[in-house]
Every structure is written in C-alpha cells, then in structure tokens.
Amino acid sequence: MKLSRQFTVFGSAIFCVVVFSLYLMLDHIDHSKNPNGERIQKGQLGILQDKIDHLERLLAENNEIIGNIRDSVINLRETVKDGKMFPEGNMSQGDLELLPPAPALLPIHSEDCQFAARTYSKAADGVQMLDVYDLLSFDNPDGGVWKQGFDISYQDNEWDNEPLQVFVVPHSHNDPGWLKTFDDYYRDQTQHILNNMVVKLHEDSRRKMIWSEISYFSKWWDNIDEQKRDAVRRLIESGQLEVATGGWVMPDEANTHYFALIDQLVEGHQWLERNLGVKPKTGWAVDPFGHTPTQAYLLRQAGLSNMLIQRVHYSVKKHFASQKTLEFFWRQNWDQDSSSDILCHMMPFYSYDVPHTCGPDPKICCQFDFKRLPGGRISCPWRIPPQAITDNNVQERAQTLLDQYRKKSKLFRTNVLLAPLGDDFRYTEAVEWDQQFENYQKLFDYMNSHPELHVQAQFGTISDYFEALRKSTGMDPVGMNVGQLALPVLSGDFFTYADRDDHYWSGYFTSRPFYKRLDRVLESHLRAAEVLYSLTLANIQKYGQPNDYPAVDNYKLLTEARRNLGLFQHHDAITGTGKDWVVVDYGTRLFHSILNVKRVIVSSAHWLVLKDKQTYYHDPSNPVLQMVSVHIFFTVPRLLVVYNPTEQARMSMVTVYVTTPKVRVLNAVGHVVRAQVSAVWNDVSHAAADKMSLKEDDSEHLIKVEFVWYGTTSNKDKSGAYLFLPDKEATIYSPSQPPVVRVTKGPLFSEVTTTFTHITHTLRLYNIQGVEGQSVEICNTVDIRGETNHEIAMRITSDLNSKDRFFTDLNGYQVQPRKTLAKLPLQANFYPMTSMVYLQDSSARLSLLTAQSLGAASLKSGQLEVIMDRRLNQDDNRGLGQGVLDNKITANSFRLLLEKRSSAEEESAPYSYPSILSHMSYMYLNHPLISMAVSQRSESPSLTPYSPLSASFPCDMHLVNLRAIQSKVRGGPSEQAALILHRKGFDCGFSNRNTALLCTTTRGKVHLEKLLTDLKLKSITPVSLSLMHTYNSDADPQEISLKPMEIRTYRLQLS
C-alpha cells in the first residue's frame, strides 16, 4: 500500500454556492507521522485479512480525525478571524453566501412537463425508421447485377417531355488519418490534390469539384502564396469549387458527443468565414458508418439546407429505392412541426466509389472510372477495363453510360440525377484530372448534342444538384416547403449499419475504448477552459488592460485543443479504426491538449480569484495554481481552489491526494467541511458484484452485475475493428483465481472493490445530499492484453419487465427508442451508447449513464449489456489491414440510476426523455469539479471566491459552450464570444423528491443580464449555430427563450 491517502471532501456548504464558482479550501494539518504500512507478501493466504485489519485501523483513525475536527471548529474560527490562515486576512465573509439546502420537491413549472407528455401522432406521409425495421424481413436475395437490390427497367420514351438532367460531381475523400497519420497523408497526397485542383479547374470553366475537410484545407492554405489564394477565391466565386459541410472533419456519427460535433463544425465554419467568406449550404457525409439525426439537426441549425448520406443498411437502401424514398425531409423524432426539416439524399448503392455511383451495374460503371485505364496502377476487378473516349467509340460509350444513368434515375422521384465521381484520395496526379475530365467532357458533349437522347449532362457541385432538384419539384431554393412532387418526411436514425450479409458494424462502438475515454476528458476540460477564458477576458476589460495575463498565448492553446479534438471526431479516429501508429498520433494530440487547456484553466482561475488584480503575474514554469501535482504535501496549511464548470449550483465530492491521514478542511469563511480519508491501494486490481437492491420509498429492485465474454465466429470473416461477429451468445466470466474483495466504509462514501484477473470492479455509494447520492457509481478497470479474439462485456440484470424495448441516446443529445429484434443476428441488436442506455417498465426506469462511448444492447427483458473492450487478432476486410491488439488498461466509469415512474409514456412513441435527475447525474459524471492547489511559495497571494452568476441556470438549460471568437485582424481573441445554449427535453413522470437539485425550470426563458453578477452585457445577437448567419430578432435581446430540445447560439459581448 502506498503511503498516500485519498482524501475526499464533501462541501454541502461550499460547493452549492454558485455556478462556475471558484472556491478556496484550506487543508489544516496535524503533523503526526504516518504509520508505516507493513509490507505484505503477495500470495500469502492472509492477504485479505491483513488488508481488512489495516482498513479497520484506518477507519478508527478516520473517526478520531472527525472527532478532532469537531472539537477544533471554535479554535479554527478564531484563527481565521485573526487572519493567520489566509494572508492579510483577506477572506471577506460577504463573498460567500451559504446556500439554503435543496428543496425536498424540485420546483418544475407545469408547462415544462407538457413537451414530453404530449400524445404521439405520426405524420400521414411520414416514414418512421422504427416501423421500417418492423416491416423489413432483412433477407438477402441475389439481386442480379445490383447484388443487394433488384433489376431496373425503363421505357425509352420516358424522358421525351422532360429530359434527364445529370450532375456528375467530382470529389476526393480525404481521411484525416486512417492508414497514415494526418500529416503523412497531407505530405504524400492531399497537398498534391489541392495544388492540382487550382491548376486543372482553371483550365476549363465547365469543370467542378467539391471539398469537405477543413482540417486539410486550412493546412494547405497556410502553405500557399497569395497568388494561389486569389485563384482559389476566384474558383469559389465562379461556382467551380464548392466547400460541402465545411466542418473540421467528416465526423463519425455514432461515438461523437454533440459538444464535439458542434465544436468541429464551428471551427471549420469560423475558418471559412475568416479566410474565404464562404457559407456552406450542403452537407456531404459519404463515409461515416451509419447516420444520426443529431447531425441533421446541427446542420440545419447551422443554416445548411441540404445533406447527403451513404452508409446505410443494404436492406434499408433497397426498401427506400423500391418506394422511391431515397430523397426525403429528415425531421427530428421530437419535432412537432417542420422546423427541424432538412432535405436529405441517400445514395442507393454499396459504396461511394465510381463503380457504385453511376448506376446499378458496377461492372459497367467501373469502365467509366478513367483512372483505371490500362497501364495505370489500379484496374477493374470485373476484368473489363475502361476505354479512352474517341470519335469512334463515343456513341456506344455514351449510350452505355446513359443506360446506367437512366436506370439509377428510376429509383428517384425526379428527372434530376446525381452521379458522384471520386473515391479515397483521388485526383492526386495531374494525369488523373486529365483522364477523368477530358473523357467525361467528350461523353457530355456527345449526349448534349443529340436531342433524341433527351439528356443534359454536366459536371456540377453538390449544391448545383440540389438547386436543380428543388427547382424541378417547385420547391423553395433553400427552404423546406415540400413542392408539387411531394417528398416524404422521415424520422429516426440509421444504426446499426451492415454493408453485406450479417456484417454489422457494431464493433467500432467500443474499439479502442481507452481513446474514447480520453476524448471525453478533453471535451470536459476544453469546455471548462473556454468558459473561464471568456470570463477572464471580460473581467480584464473591466479592470483595465495592463497585466501580463497571456490572452493571446492561451487563445493559441485553445485553438490547438479545438482542432485536436475536432480531428479526433473523424470517422476513423474516435471510432478506433485506424492503424496502431495513427491511433498513437491521435492520442498524443489529445493528451497534449489536455495538458495545455489545464494551463489555460489555472492562469484564468488565478486572475479571477485574485483579490488585488494589480499583483497578477504569469509564470508558466511555476504557476500560482497547480492542477498537475497529484499529491498535496504539507508543511504549512494549503489553499485549494475549486471550480464548478457546470451552470447550476451543486453539492459534490472533491478528491485530492494527501500524504497524511491527519487532515482537516475549512471553507473560505472558516466553517468545517465534512471530509473522509481513505487509503490509496496500489496492488490487487479486478472485480464482479453479486446482488444489489436499490430503494426508493419501500419498493425494492433486484439488480445483479456480472461480466461476460464474447468470442469471434469460426467463419472466414471474423470480428475486427469495425465488425462484431460473435461465435455465439456470451459466456459468463468465471476466472480461475478467486476474486479479492475489499470493502471501504466511511461517513461520505462506502465502496466494494472486487479484483479478478481481467477486471477491477468498484461499486461506490455516496452518503451525501446531492445528485451523487442518488445513484451507484461503477468503475471497471479492464485489462485483456493477454487474450486472443475475446471481447468483455458488463451485464446488468434487473427484475424490470422491459420486454424487447430499450433506449439508447444519440450523441448525448437525444434518446432513440430501440427494439431488440429476434429476426436479426445478435450483433445487429447492439447500438451506440454515447451518454446513456435505459430500460423501463410501468413502475420504474433503470438508467446506465456513461463517461465514454461504448456499444450497448438489451438482449433479454430486464437486461443491459455494455461491451467494455475488444481484442481481435485479425483484420475484418474493410481496408484497415490489421486486428485490434494495442489494448491498454482502460478505466470505464458509469452511474447506475433507478427511478420510480409515475406516468407511462406511450409504447409506440418514437421518442423518450431522461428525467431532470438523470440529465444532472450525467452532467456531474462528465463535468466533475476541478480542484487546483495553491503552490507552496513564500508569498501566498490574497484570494477571494469568484462567481459570475447570481443564481443557477434553469435545470433544463445547459450552457454548451462560451467560446471566444478569433479577432478578424490578429491571431488572438476578439471581444466577442459564442454563447451556445441547449434546452434539454425531460420527462416529468419521475419522482421529484429529494433530488438535491438547486435549480428550477422557467419555461425556457433566461434573463442573462439579471443572472450576471459583476459583468455587463454589452451586446447579444442571435446567430446560426456556427455563427455563419445573423438573425434579425424583434424579441427583447436580453431575454433568451428556447423551445425544448433547441440548441441556439448567440454572439455575445461582455464587459
């Protein structure tokens, strides 16, 4: 056992003060020597007994310490009055109001309950994805040349009255990391693609191209001269080059949290606004492995009108093709009108490459991929090569291609056809530009000069296509009115994806879980840093400029962190589907950015809590506040600053490591804070729990936690980074060694840690008034590095009668009801879980809240299953070319929450909402309090608590971000920040007693000026999500009003 102690402080008084409050705590120490822990020989039979004895001694010491603290309160108060503990006796009592205890019943406005309680009515012409899954048989008959589809025929005269309009859209799919790192791809391929683009598009004004990843585009832009930049601007103005989506990357849509999805979109759009003045209109997502309606909502809120998706289950594509519903208005499940609609095009065939985009027959389409001309590096797998177009063959070639175009157009409702022309990292060499553009131009010239063919073919951008589509249906050029030829309205999501057979892509929901956790840690720290930084800038304006706060340096660190986080949202990064060294590159970027945003947090917090701002100085090598030192060593009493990054007052635990068990804690006004000293163990590390009953009122539920193994199938195709192909149902985890069980009891929390060969499993219960006291904390530390083709899952079995229904969230933004379907293979019933999964019956709901994205399922009634790690020895033939063998020891954290239900929602409703308590528990899990120790130096600064808000935000109002905006002229920040707010939808059908929450609901209204303490609101302007468009609003700008589920951005200036 180490000689350090884990020291947990619970501040019912201190931490429930105010939002973003920074607090000081004083650790007052009794300097007695630490008793040496006896060295325990491993393998001794008495190992467990010794540890229990040791714990009992610690507990006795603990009780003694608590007694001492109680006796010392009066002394301590005197000391504080004399000013001995705080330099210059600077803690003014008025700064710290102790909040009243939380109300026994949470005050929720009745109007706020109507949203979740409304009755469900399906739109008459609507397509609901849950119904589609019920309807499909998911069989897989051979469809002929279009293997996963059907034969398509047409009459020659169908286009006599209205010719077919074909838009061939050249594109190059550039993964920001996959088989090579981002920088290596840029050096070897991407920079050449972009350099050639400038030259080749200028050669002929009829040529077009689209680009989507701003991470690459911005790196290239920084490396080109002003002449080339002007050429790019001309291409954009002439409509030859279009930026589609315009995010930092083309993000994964399963594992990503909406904070990061928004952040990478803002980063891309802000870059475009600053450098090109471009506002993207159309989304382009050809490669993410399944699609979420959250992304559709975010694009709509950002001001985009159209979007395109590709990777959807082959049975769904076939069904939509047969119904001609491949183009639709995608509407949110929760939307009561059409305000969230966005026009969406689903590509019908297997892939986004050329063989699968001109029409249904890949053997023929491949002959029109002119990069595959004989003599090149790649050829057609169907063994019929392309032919260069000449006067001799142009007639036959044009008619062959037109036949494919016509067949493809039969799957859609209009005479406007989209034919993408590209693939991964295409158009690298000048010769490929010539091969594709010159040969296609000859085909177009032939088609267009023969009116009897009734076709008009040309190169186009993706927005050219949507413009023509909208025109042909009599639709508004950007709006969402349906037009004469009504397109259907669709709601729901497109998980879980299968591209062929039973190959479901549910493995990547968990692959490389260590990095999925790291992603959340950076998200939480980045948000905390952004908010503090913006408040500090505003605060500095108030106190006058002259100080050495590193505003520009910190802004650079924030920008780099935004971009590293954005890069990791890429669909081969957070998914865990890159090469080993590429994964290491992403991880290194995440880790460096976590360290950097901590520097922003401590330098900003230092300024905000400093009583005399004139004494501020910035010393990066020895900062006044420190987050990095894990242990607090005592020679004199130490100050601890605590930052609450959430927008509601809260009571929470803070854990710090100390080097002695003799610890006493006071808050800023000298009141004693409840504390518990616990041992830190550094050996034995694994677990499983038996039974657990959670109580509310007198109802008791039986809940069991266990672990299970999955193997991989013996077929030719096996599980890999993408695919989950299990051999059979899971087998119960039963290790050869008996587990070691360790019990810790204390006044603030008690925990049981069970240690197995592959897992250390800890269950912790908090005995505190606060959100944390309402749920069980579960931590699993998983180590399967010695395994072969094994995946380990946690299974939670309850007595809830949930039948075949369960609920997973989408991107931490919304909840999607799920149905476990017996007609599908086991792996198809796993779904992404970004923030929570729950099941319920008429009387209770059991929620598992998570601190990292993982794959989850409910394979039996009352049961939840979460895959925690996977180790796979082979590639799954999706291009990666390796298995998953770089496992790390990974800690997964969860909260298990049981709630009593009073009102039952409709079984058929395609939406569901968490309770307020569930939302808050998730917030606390993912945004813990941040503690900073004041460094031990001779002259301690004079500090005072800082609180920018006079009261909590409403319970359902979440401050997504307060993000400083870059100045247009120099590299640092401007005086403005983007305030992004989300009003959460919540279900009132749960007990509101003793939630320990210190907020209310206000029908979605926030009066910002009234909430601010020391800062003034100079200006506030409603804008689109990523600040591209400014809205004129007649409403009182001071009062912000959001509908349930709405995410809104405001351009804000504080002073």
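**Reading the labels on a predicted model**

Student: Why is K803 called exposed?

Tutor: K803 has a relative accessible area of 53%. The exposed class starts over 50%, so K803 is exposed. This is a predicted model, and the values are computed from it.

Student: Where is K803 found?

Tutor: K803 is in the loop between strand 27 (790–798) and strand 28 (805–810). Its phi is near 55°, a positive value in a residue other than glycine.

Student: What is the phi of F425?

Tutor: About 50°, which is positive although F425 is not a glycine. F425 sits in the loop between strand 11 and helix 12.

Student: Why is F425 counted as buried?

Tutor: Its relative accessibility is 7%. Buried means under 20%, so F425 counts as buried.

Student: What joins F495 and T496?

Tutor: A cis peptide bond, with omega at about 0°. T496 is placed in the loop between strand 13 (489–491) and helix 14.

Student: How many aromatic pairs does a search of the whole structure find?

Tutor: The search finds 55 aromatic pairs. Take Y154 and W159, which are 5.4 Å apart centre to centre, with 75° between the planes.

Student: What makes Y154 and W159 an edge-to-face pair?

Tutor: Two tests. Ring centres must lie within 6.5 Å, and planes over 60 degrees apart count as edge-to-face. The values 5.4 Å and 75° pass both, so the pair is edge-to-face. Y154 is buried, and so is W159.

Student: What form does the aromatic pair of Y297 and W334 take?

Tutor: Y297 and W334 are edge-to-face, at 5.4 Å centre to centre and 75° between the planes. Y297 lies in helix 8 (residues 293–301), and W334 in the loop between strand 9 (327–330) and strand 10 (342–346). The pair therefore ties together parts 37 residues apart in sequence. Both Y297 and W334 are buried.

Student: Which residues do ring pairs link into a cluster?

Tutor: F368, F370, Y427, W433, F437, Y440, F444 and F459.

Student: How do you know that the charged end of R764 sits over the ring of F749?

Tutor: The charged end of R764 is 3.6 Å from the ring centre of F749. The distance limit is 6 Å, and the direction must fall within 35 degrees of the ring normal. The distance is within the limit, and the contact is listed as sitting over the ring. R845 likewise sits over the ring of Y838, 3.9 Å from its centre.

Student: How do you know that the span of helix 11 agrees with what it should be?

Tutor: Helix 11 (residues 394–409) has 16 residues. The expected span is 1.5 Å times one less than the number of residues. That gives 22 Å, and the end C-alpha atoms are 22 Å apart, so the two agree.

Student: What covers the buried residues of helix 11?

Tutor: The cover includes strand 4 (164–173), helix 10 (362–365), strand 11 (416–424), helix 12 (430–448) and strand 12 (455–459). Among the buried residues of helix 11 are V394, L401, Y405 and S409.

Student: What makes the meeting of E158 and K410 a salt bridge?

Tutor: The N to O distance is 2.8 Å. The limit is 4 Å, so the meeting of E158 and K410 counts as a salt bridge. E158 is in the loop between helix 3 (129–135) and strand 4, and K410 in the loop between helix 11 and strand 11, 252 residues apart.

Student: At 33% relative accessibility, what does E158 count as?

Tutor: Partly exposed. The class runs between under 20% and over 50%. K410, with 23%, is partly exposed too.

Student: How far apart are the closest N and O atoms of E432 and K371?

Tutor: They are 3.4 Å apart, in a salt bridge. E432 lies in helix 12 and K371 in the loop between helix 10 and helix 11, so the pair ties parts 61 residues apart in sequence. E432 is buried at 2% relative accessible area, whereas K371 is partly exposed at 22%. Both belong to a network of salt bridges that also links D369, R372 and R426.

Student: What does E647 form with R527?

Tutor: A salt bridge, with the closest N and O atoms 3.0 Å apart. E647 lies in the loop between strand 16 (638–643) and strand 17 (653–658), and R527 in helix 14 (residues 513–543), so the pair ties parts 120 residues apart in sequence. Both E647 and R527 are buried.

Note on methods: Residues are numbered from 1 along each chain as its sequence is written. This is a predicted model: local features need pLDDT of at least 70, side-chain atom pairs count only at pLDDT 80 or more; totals for chains, interfaces and linings use all residues. Side-chain values use heavy atoms; hydrogens and water are left out. Rings of Phe, Tyr and Trp (its six-membered ring) pair if their centres lie within 6.5 Å; planes under 30 degrees apart count as stacked, over 60 as edge-to-face and the rest as tilted. Buried means under 20% relative accessible area, exposed over 50%, partly exposed in between (1.4 Å probe, protein chains only). Helices (H or I, at least four residues) and strands (E, at least two) are DSSP runs, numbered from the N terminus. Contact means heavy atoms within 4.5 Å. A salt bridge is a side-chain nitrogen of Lys or Arg within 4 Å of a carboxyl oxygen of Asp or Glu.
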